[in-house]
Amino acid sequence: MFMRIDHVAIACHDLEEKIAFFSETFELTVVAREVNEEQGVKEAMLHIGDGEGGGSYIQLLEPLSADSPVGKFLAKRGEGLHHVAFGVSNISEAMAKIESKGVRLLDERPRHGSMGSEIAFLHPKDVSGMLTELVQAAPPSKNGENVHT
Ligand code: V0V
Ligand code: CO
């Protein structure tokens, strides 16, 4: 069901500061930036890998408000690893299969994610304390433009 690790997400107070740190320290490139009102985040994706066949990302998350998921996480735990996202080919099918095994879904239906993806979260308490995200990537666009940023 899981084809790859899509991204590892880090909660932070200051997105620009963390972008500078990760891109300079690890020689990573920012490939997308987005404000996602529904998820309550301002985020950036830094690409890892050889650029062929998708690769994976570090996702940096700054909360839009204190009462958002990432805002609450920062208040409670401080900066750090927030979630791990796995790539699936069919998110609705994966959600149904996972739910049938007794794992609680935090989303009843897929939501809009970074770079045109569809995403859904699983309850961390049912996955050994790991907030887990499913990602169905957007189909590759013909002209290479990301229409979702
Ligand atoms: C909370 N808990 C976590 C956690 N956040 N455990 C592991 N990792 C995390 N990130 C624990 C928390 O310590 C509590 O355990 C328990 O879960 C319930 O947490 P809570 O503080 O009472 O509840 P809330 O209101 O903070 O909700 C937590 C959940 C919420 C996970 C339900 O954050 C959520 O719905 N997250 C999914 C959406 C999301 O995170 N969006 C932002 C990323 P104890 O203390 O009771 O033991 S958006 C994104 O990734 C995008 C757009 C993308 O990839 O494209
Ligand atoms: Co994510």
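Donors here are N, O and S atoms within 2.8 Å of the metal. The views below come from a predicted model.

**View 1. Protein donors around the cobalt ion (ligand 2)**. Four residues coordinate the ion: His7 through NE2, Gln59 through OE1, His83 through NE2 and Glu133 through OE. The distances run from 2.1 to 2.2 Å.

**View 2. Octahedral geometry at the cobalt ion (ligand 2)**. The site has six donor atoms. Angles among them span 78 to 170°.

**View 3. The cobalt ion (ligand 2) and its donors along the sequence**. The donor residues follow the spacing H-x51-Q-x23-H-x49-E. His7 lies in strand S1 (residues 4–11), and His83 lies in strand S5 (residues 80–87). The two histidines are 76 residues apart, so this pair links distant parts of the chain. Are His7 and His83 buried or exposed? Both are buried.

**View 4. The largest nonpolar core**. Eleven residues form this core. They are Val88, Ile91, Ala94, Met95, Ile98, Val103, Leu105, Ala120, Leu122, Val127 and Leu134. H3 gives the largest share, four residues. In soluble globular proteins, nonpolar side chains tend to be buried together.

**View 5. Contacts of Ile98**. Which residues does Ile98 touch, leaving aside those up to four places away in sequence? The partners are Met1, Val103, Leu105, Leu122 and Leu134.

**View 6. A second, separate core**. This core has nine residues. Among them are Leu15, Ile19, Phe22 and Ala44.

Technical notes. Residues are numbered from 1 along each chain as its sequence is written. Chains are lettered from A and ligands numbered from 1 in the order in which they are written. This is a predicted model: local features need pLDDT of at least 70, side-chain atom pairs count only at pLDDT 80 or more; totals for chains, interfaces and linings use all residues. Side-chain values use heavy atoms; hydrogens and water are left out. Donors are N, O and S atoms within 2.8 Å of the metal (3.2 Å for Na, K and Ca); water is not among the atoms, so sites may look incomplete. Four donors count as tetrahedral if all angles lie between 85 and 135 degrees; four count as square planar and six as octahedral if opposite donors are over 155 degrees apart and all others between 65 and 115; anything else is irregular. Buried means under 20% relative accessible area, exposed over 50%, partly exposed in between (1.4 Å probe, protein chains only). A nonpolar core is a set of buried Ala, Val, Leu, Ile, Met, Phe, Trp, Tyr and Cys residues joined through side-chain atoms within 4.5 Å. Contact means heavy atoms within 4.5 Å.
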